[in-house]
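Subject: Structure for your files, with notes

Dear colleague,

Here is the structure I said I would pass on. My notes on what turned up in it follow below.

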Amino acid sequence: MAVEFAVPEVPKPYRVILLGAATNGWFEASDEERREQVLPRFKGMLAEWQEMGAKVLATIDDDLFMVGQPGAPDFTWYLIFEVPSLEVFAAMIHGVRRTVDGVRLDRYIRIEGRLGRPFFLLEGKH
């Protein structure tokens, strides 16, 4: 069976993945700081993303067989969303930079975003 390669489309909603990891700030924070400040802010930011229209498709945290800061690859968790616009995607990333309730998450975590599309052999027409 032949597979035709078509010019890629950029379907909406946009399919994005956020690659994340804890940084030195996380590991240097006390258990109390993580529990009382960082994790509540992180959970709040995730809720904000959903309020902006980001729909969770899948997540994976590959910390089952590692501890400490990641080496290669540089990430330990992956969050896949559908987002309605590139502006929402940019706002999601910016949320990590904002100080809310005295917490600026980019002190504790790093996130990189990627824009893509469903993999054609699994989800597309083939």
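At 76% relative accessibility, does D101 count as buried or exposed? D101 counts as exposed, at 76%; buried means under 20% relative accessible area, exposed over 50% and partly exposed in between, with a 1.4 Å probe and protein chains only. D101 sits in the loop between β4 (99-100) and β5 (103-104). Phi of D101 is near 50°, a positive value in a residue other than glycine. Most residues other than glycine have a negative phi, and most peptide bonds are trans.

Before the rest, two notes on the basis of the values. This is a predicted model, in which local features need pLDDT of at least 70 and side-chain atom pairs count only at pLDDT 80 or more, while totals for chains, interfaces and linings use all residues. Residues are numbered from 1 along each chain as its sequence is written, and side-chain values use heavy atoms, with hydrogens and water left out.

Overall layout

The protein chain has 4 helices and 6 strands, in the order β-α-α-β-β-α-β-β-β-α along the sequence. Helices (H or I, at least four residues) and strands (E, at least two) are DSSP runs, numbered from the N terminus. The C-alpha trace spans about 55 × 35 × 15 Å along its principal axes. Of the 126 residues, 33% count as buried. Among contacts with a separation of 6 or more, 78% are between residues 24 or more positions apart; a contact means heavy atoms within 4.5 Å.

The protein chain exposes about 8,500 Å², and carbon and sulfur atoms supply 56% of that area. Accessible areas come from the Shrake-Rupley method with a 1.4 Å probe, and for residues only the protein chains shown count as cover. The 15 positive and 19 negative charges have mean positions 4 Å apart. Lys and Arg are counted as positive and Asp and Glu as negative, leaving out His and the chain ends; each charge is placed at NZ of Lys, CZ of Arg, CG of Asp or CD of Glu.

The core

The largest nonpolar core holds 24 residues, and those touching the most other members are L18, W49, F81, V83, M92, L105 and I109. A nonpolar core here is a set of buried Ala, Val, Leu, Ile, Met, Phe, Trp, Tyr and Cys residues joined through side-chain atoms within 4.5 Å. Two or more residues of this core come from each of β1 (14-22), α2 (31-51), β3 (77-83), α3 (86-97) and β6 (109-116). In soluble globular proteins, nonpolar side chains tend to be buried together.

Leaving aside residues up to four places away in sequence, I109 touches A21, A22, T23, F42, W77 and V96. R41 is found in helix α2 and is buried, with a relative accessible area of 6%. With the same exclusion of residues up to four places away in sequence, R41 touches E48, G95, R98, V100, V103 and L105.

Aromatic pairs

How many aromatic pairs are there? The count comes to 3, where rings of Phe, Tyr and Trp (its six-membered ring) pair if their centres lie within 6.5 Å; planes under 30 degrees apart count as stacked, over 60 as edge-to-face and the rest as tilted. One of them is W49 with F81, edge-to-face at 5.7 Å centre to centre and 80° between the planes. W49 lies in helix α2 and F81 in strand β3, so this pair ties together parts that are 32 residues apart in sequence. W49 is buried at 1% relative accessibility, and F81 is buried at 4%.

The rings of F119 and F120 have centres 5.4 Å apart and planes at 55°, so this pair is tilted. F119 is partly exposed at 46% relative accessibility, and F120 is partly exposed at 22%.

Segments and loops

K12 and P13 are joined by a cis peptide bond, with omega about 0°.

V67 lies in the loop between β2 (55-61) and β3 and is exposed, with a relative accessible area of 77%. V67 and M52 are 15 residues apart in sequence and 32 Å apart in space, C-alpha to C-alpha.

Regards
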